[in-house]
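Visitor: Hello! I would like to learn how to read a protein structure, feature by feature. Could you show me one and talk me through it?

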Amino acid sequence: MGKQGLLLDPRRPIKDIPPEQFAEMYSISTREHRYSRDHKFKCLIIEVLERAFALGCYSLENLERFKLLTGRMSKASYQHLPGLNVERIPDLIADLWQYSTGSGIFARAKSNTGLNENALAYIFSILTVARSQAVRLLQWQEIDFARGIWDMNPAHDKIKLPNRVRSIVLSSGALAMLDLIKSRHEDCSPYAYVFVPPRKGAHLNDAGFKVCIRQINAKRIEHGLEPYLDYGARDKEQQPRIITQHATARACFATWAADREGINTSFRQSVIELCLLHQNPNIRPYGYAYNRSALIHDRRIVLEDWSDCCLSKCEELRALAAKTKQDHPTQD
């Protein structure tokens, strides 16, 4: 067992682990890069130690020492996951669609006429502002077409707390994509996955999203076009990093919703946060106990506008979305 394994050995009582070893475990996770998730890891360690202290299994002195040892690692020093500038989202959607269909600069051999479902899932994740895992593991039973709602499986949610909002409002663009996929799939039974991998495996994996962007970037560079990179996030060689699905789908939406340049319409922050499925009881310890509204109608307005923005440069998807809106109006 390696050094890191010894630090994580579950057989060792927590009272026997000095704060220096907890701090070393934390430093291992931040050795190469510092991301926002590493700060969450530190907060998780503190939460565990605070619970251990409350149960009499850890001393307050050691708890405070861990905080002191890691206190110099300021949250401001972390790098966020690389994402795209929100102004380029319509271009990315158009490229993902062409990449999926094998058209434009992404033309494929005539014998390969299927849709690339990694690219379709990428587009769907942007339209729904959803996390990767929830999209990749999405099953048909979670979709209510009549209501235009995706009731996420709690097992696929990042937050496992009970009684939290997990409904995702589906815009006409997202519903149009589901209709398209359903028309091309042989198995649309309740437990079948919506997005099917091109080769082996029951569902898509996270690597497929990365492959999409790498191949799209390679083609864009080949044709003298700007690749999709985050110039504010640099690797060890100080080169701009390739965008990630998480930051592109979620950070772009949050930025767009908060600062819609040239449009004199603003959205309530509570609606934006629910679109992201953010519910922080530490900010509002009693608010979610009393106000239990899922704000479906308000979220639909926001996500329809977001869909219109995203599909503004993709004529085919825009036409499908318009037909869906006309043929299947949803009632909130």
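Guide: Let's begin with aromatic rings. Rings of Phe, Tyr and Trp (its six-membered ring) pair if their centres lie within 6.5 Å; planes under 30 degrees apart count as stacked, over 60 as edge-to-face and the rest as tilted. Here, ring pairs link Phe 124, Trp 150 and Phe 195 into a cluster. Keep in mind that this is a predicted model, where local features need pLDDT of at least 70 and side-chain atom pairs count only at pLDDT 80 or more, while totals for chains, interfaces and linings use all residues. Residues are numbered from 1 along each chain as its sequence is written, and side-chain values use heavy atoms, with hydrogens and water left out.

Visitor: How many aromatic pairs does the rule give?

Guide: A pair of aromatic rings is described by the distance of the centres and the angle of the planes. By the rule above, the count is 9 aromatic pairs. Take Trp 140 and Phe 145: their ring centres are 6.3 Å apart and their planes lie at 25 degrees, so this pair is stacked. For Phe 253 and Trp 306, the values are 5.5 Å centre to centre and 75 degrees between the planes, an edge-to-face pair. Phe 253 lies in helix α10 (residues 245-258) and Trp 306 in helix α13, so the pair ties together parts that are 53 residues apart in sequence. Helices (H or I, at least four residues) and strands (E, at least two) are DSSP runs, numbered from the N terminus.

Visitor: Is Trp 140 buried or exposed?

Guide: Buried means under 20% relative accessible area, exposed over 50%, and partly exposed in between (1.4 Å probe, protein chains only). Trp 140 counts as buried because its relative accessibility is 6%. Phe 253 and Trp 306 are both buried.

Visitor: Which residues have the most contacts inside the largest nonpolar core?

Guide: In soluble globular proteins, nonpolar side chains tend to be buried together. A nonpolar core is a set of buried Ala, Val, Leu, Ile, Met, Phe, Trp, Tyr and Cys residues joined through side-chain atoms within 4.5 Å. The largest one here has 71 residues, and those with the most contacts inside it are Phe 124, Ile 126, Trp 150, Phe 195, Phe 253 and Trp 306. Helix α6 (residues 117-128) gives the most to this core, with 8 residues. There is also a second, separate core of 12 residues, including Tyr 26 and Leu 49.

Visitor: What does Cys 314 touch?

Guide: Contact means heavy atoms within 4.5 Å. Not counting residues up to four places away in sequence, Cys 314 touches Ile 93, Ala 94 and Trp 97. Cys 314 lies in the loop between α13 (296-310) and α14 (315-327), and its relative accessible area of 2% makes it buried. Its C-alpha atom is separated by 8.9 Å from that of Gln 98, although the two are 216 residues apart along the chain.

Visitor: How many bridges join strand β4 to strand β5?

Guide: Two strands pair if DSSP finds at least two bridges between them. Strands β4 (residues 229-234) and β5 (residues 240-242) run antiparallel and are joined by 3 bridges. Across this pairing, Asp 230 stands opposite Arg 241 in β5. The hairpin has 5 residues between the strands, and there Gln 238 takes a positive phi near 65 degrees.
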